[in-house]
Amino acid sequence: MDMNVRPRRLRKNEPLRRMVRETRMDKSSLIYPMFVREGINVEEEIPSMPGQYRYSIDRFLFALNQVLESGVDKVMLFGIPNKKDEVGSQAYAEDGIVQRALREAKMRFPEAYLITDVCLCEYTSHGHCGLLCGCEVDNDSTLSLLAQTALSHVEAGADMVAPSDMMDGRVGAIRRKLDDSGHWDTPILSYAVKYASAFYGPFREAAGSAPSFGDRKGYQMDYHNRREGIKEALLDASEGADLLMVKPALAYLDVIEEVKRSTLLPVAAYSVSGEYAMVKAASAMRYIDEAKIICEMAAGTYRAGADIYLTYFAKELAGFMEEGRIG
Ligand code: PBG
C-alpha cells in the first residue's frame, strides 16, 4: 500500500500515546466546590447531587481534610445561611457562615487554598443576586454590598474571591474596595462569562437560592451569544480581574476556546451542578461508565483551553490523574 502518512503509527501503544498527548492536566488546577451551613454535626446529602453535602462547620473541616488528602488543595466555598433578608445581610456579616468557616479552615489547614463565591442570591429572601428596586435587580446599589462581602471574606482568610453575580462593574468595585483596605495582593477570579442556565438547577436546590419570582436573564447571559461573552471577558479583565471563568463548561466549550484566545488571563471553566447530576443519574442507571465519562469531560474542557477546572468530581479526577488514567 502506498501510504506515507499513517496517523495510526502514533497510536500504537500507551507510552507512545502518552508522549504525543496534546492536553496535559494537573491536579493543581482543580477546584472543588463545597457548601457550608449552620448547625453542629450536620452532613446533609444534596438530593439532586448524590455524593455532595451541605456541611456544618465542624463536619466541613473534616471533609476539607479529605479533599486535601485526595490531592486537591483548592476549594470554592458557598454559604447557606439560616436567616435570609431583603438585603442579604448575612453575606457580609462578620460572623456569617462563610466568614466563620474561613477562619476555622485557615487556622486548621493553612495549606488549603480558599476561594469564596461572592454573590447575594444565597442570602436574599427573594433569591436574586442583588438588591431589588421594584421587581428589577438594581445594579449600582448592589455593587457596594458585593464589595463589602468580598472584603469580609478576605478579612476572614479567603485567598481569592470569585464574584458570580453578573452585575456590571462589580470586578472594579471589588478591586477598589480590596485595594483601599490594603488587600492589593488578593486575586479576583471573575465569573466573567456566566450564562443563564438550566444546568444550575441542582445547585439552587442545594443552596435554596432559586429566585422567588422571575429568572436571572436580566443579569446572566443569553446562551445564544458568544461575542457578548468575549465582551464580558475583556471588560472584566479591564476592571482588574486576575482570572476569568466560563460557566457552565460542557455546553460552552466554544466559549472557553474563544475567551482563551481573546485574553491574556488564565481561564477557568466550571462544570456545574447539572452536569454532575446528569452523570450521576446516568451512571446510577448503568447507562454510562462514570469514571470514563468524568475523564472525557475533563479532558474536553482542558482541550478547549481551560487552565483551571472547577468540578464536583475534583477528588475523583485527582485520583485518576495520580493513577495516570488521565493527564
Ligand atoms: C451563585 C452561583 C450559582 C452557581 C455558582 N454560583 C447559582 C446561580 O447563579 O444561580 C451555580 C453552580 C452550580 O450549578 O454548580 N450565583
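Modeller: In this predicted model, a strand is a DSSP run of E of at least two residues, and a helix is a run of H or I of at least four, both numbered from the N terminus. The protein has 11 helices and 12 strands.

Colleague: What makes the position of asparagine 41 a loop?

Modeller: β1 covers 30-37 and β2 covers 43-46, and asparagine 41 is found in the loop between the two. The phi of asparagine 41 is positive, about 60°, although this residue is not a glycine. Most residues other than glycine have a negative phi.

Colleague: Why is the peptide bond from lysine 247 to proline 248 called cis?

Modeller: The omega of that bond is near -10°, and the bond is cis. Most peptide bonds are trans. Proline 248 is found in the loop that links β10 (243-247) and α8 (253-262).

Colleague: Which cavity does the ligand take, and which residues surround it most closely?

Modeller: The space taken by the ligand is the largest cavity. The ligand is surrounded by 19 residues, the closest being Lys194, Arg204, Lys247, Ser273 and Tyr312. This shell divides into 10 nonpolar, three polar and six charged residues, and both β9 (189-194) and α6 (201-207) supply at least two of its residues.

Colleague: How do you know that the radius of gyration agrees with a compact globule?

Modeller: For 327 residues a compact globule would have a radius of gyration near 20 Å, and the protein has 20 Å, which means that the value agrees with the rule. Along its principal axes, the C-alpha trace spans about 75 × 45 × 40 Å.

Terms used
Residues are numbered from 1 along each chain as its sequence is written. This is a predicted model: local features need pLDDT of at least 70, side-chain atom pairs count only at pLDDT 80 or more; totals for chains, interfaces and linings use all residues. Side-chain values use heavy atoms; hydrogens and water are left out. A residue is near a molecule or strand if one of its heavy atoms lies within 4 Å of it. On a 1 Å grid over the protein atoms alone, a cavity is a set of points where a 1.4 Å probe fits but cannot get out, and a pocket is an open set with protein on both sides within 12 Å along at least five of seven lines; lining residues have an atom within 4 Å of a point. A molecule sits in a cavity or pocket if more than half of its atoms lie within 2 Å of its grid points. Ala, Val, Leu, Ile, Met, Phe, Trp, Tyr, Cys and Pro count as nonpolar, Asp, Glu, Lys and Arg as charged, and the others, Gly among them, as polar. The radius of gyration is taken over C-alpha atoms; the globule rule is 2.2 Å times the number of residues to the power 0.38.
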